[in-house]
There are 2 protein chains.
Amino acid sequence: MAVDGLPVSASAWLLHPQLAADTSPVCDLVLSRVLAMNAAEYPWLILVPRRAGVVEIFDLGDDARLLMTEIAMTSRALKEVTGCDKLNIAAIGNMVPQLHVHIVARRIGDPLWPKPVWGMAHPSGAAADFASFIDSIGRALANSG
Amino acid sequence: MAVDGLPVSASAWLLHPQLAADTSPVCDLVLSRVLAMNAAEYPWLILVPRRAGVVEIFDLGDDARLLMTEIAMTSRALKEVTGCDKLNIAAIGNMVPQLHVHIVARRIGDPLWPKPVWGMAHPSGAAADFASFIDSIGRALANSG
């Protein structure tokens, strides 16, 4: 549906269907939706700024700084919850153009260590463990508000 | 050498020797040193915040927002110079703990597309082409200041 001749994507943000299919929602921050991906060995969050038509970080203008605040907050929550050794953070978008930032908790000795996780296979874990992870991250983010 | 019992790393920033070995300097921004890596098919820059002892983005405190401004500025310069289709940006640090942010220009159809470049082989290009790239990026960043 078009509004005043503009495509909907120019007037209203919608989560890309591939991101919706691959993840579960955690919560909304001021700018970004926080999503979780079920990848057993790699606790994995994704931030998606709720701004239509944004592909590159510089498309965000002044909101890029708010995105960084939310990356820092979410990274800290992920580290608290998992006790990980290192955070791996990336904006890639070669497959899904809607700007999204991966925040992945890594342990020294995890199956892919020290290689990055992107472009690699990462099997899902048990549904109950994933639900518990989402709950823990949601509570950690609520407390860091 | 220690200063008042602190290791030097807590009092003075030094570029990690592995980053120094793998790259050539482009220029210094307010916060970050800009480095270039010679990877022919993938024009490749690295930002290193000049703050001692910083490993994760959240270690930067308020400077994280300045880092994001410099990521946006450097990404835009890299896109101007290369005319790339997509920017790939990441802070990984599994091998070199000193916080550094990769900013890589990708073309649709480049040898690894759409896979990420990290953890993959990427041969060097001609020294003259690399010197010309460094010069172009330096001028683009000077003009965007």
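User: What should I know about the numbering and the model?

Analyst: Residues are numbered from 1 along each chain as its sequence is written, and chains are lettered from A and ligands numbered from 1 in the order in which they are written. The model is predicted: local features need pLDDT of at least 70, side-chain atom pairs count only at pLDDT 80 or more, and totals for chains, interfaces and linings use all residues.

User: How many helices and strands does chain A have?

Analyst: Helices (H or I, at least four residues) and strands (E, at least two) are DSSP runs, numbered from the N terminus. Chain A has three helices and five strands. Their order along the sequence is α-β-β-β-α-β-β-α.

User: What does the radius of gyration say about chain A?

Analyst: The radius is taken over C-alpha atoms, and the globule rule is 2.2 Å times the number of residues to the power 0.38. For 145 residues, a compact globule would have a radius near 15 Å; chain A has 16 Å, so the two agree. The box around the C-alpha atoms of chain A, along the principal axes, is roughly 55 × 30 × 30 Å.

User: What percentage of chain A is buried?

Analyst: A residue is buried if 20 or more other C-beta atoms, placed from the backbone, lie within 10 Å of its own. Of the 145 residues in chain A, 37% are buried.

User: How are chains A and B related?

Analyst: Copies are superposed by least squares on the C-alpha atoms of residues with pLDDT of at least 70 in both. Here a rotation of 180 degrees, with 0.0 Å of shift along its axis, puts chain A on chain B (RMSD 0.0 Å). The two copies are therefore related as by a two-fold rotation axis.

User: Which residues of chain A touch chain B?

Analyst: Contact means C-beta atoms, placed from the backbone, within 7 Å. By that rule, 29 residues of chain A are in contact with 29 residues of chain B. Helix 2 (63-82) and strand 4 (86-91) of chain A each give two or more residues to this side. Helix 2 of chain A has the largest share, nine residues.

User: Which strands pair across the two chains?

Analyst: Two strands pair if DSSP finds at least two bridges between them. Strand 4 of chain A and strand 6 (residues 86-91) of chain B run antiparallel, joined by three bridges. A:Ala90 has B:Ala90 as its bridge partner. Of the residues of chain A, A:Ala90 also comes closest to the rotation axis, at 2.0 Å (C-alpha).

Notes: A residue is buried if 20 or more other C-beta atoms lie within 10 Å of its own, exposed if 12 or fewer, and partly exposed in between; C-beta atoms are placed from the backbone. Two residues are in contact if their C-beta atoms, placed from the backbone, lie within 7 Å.
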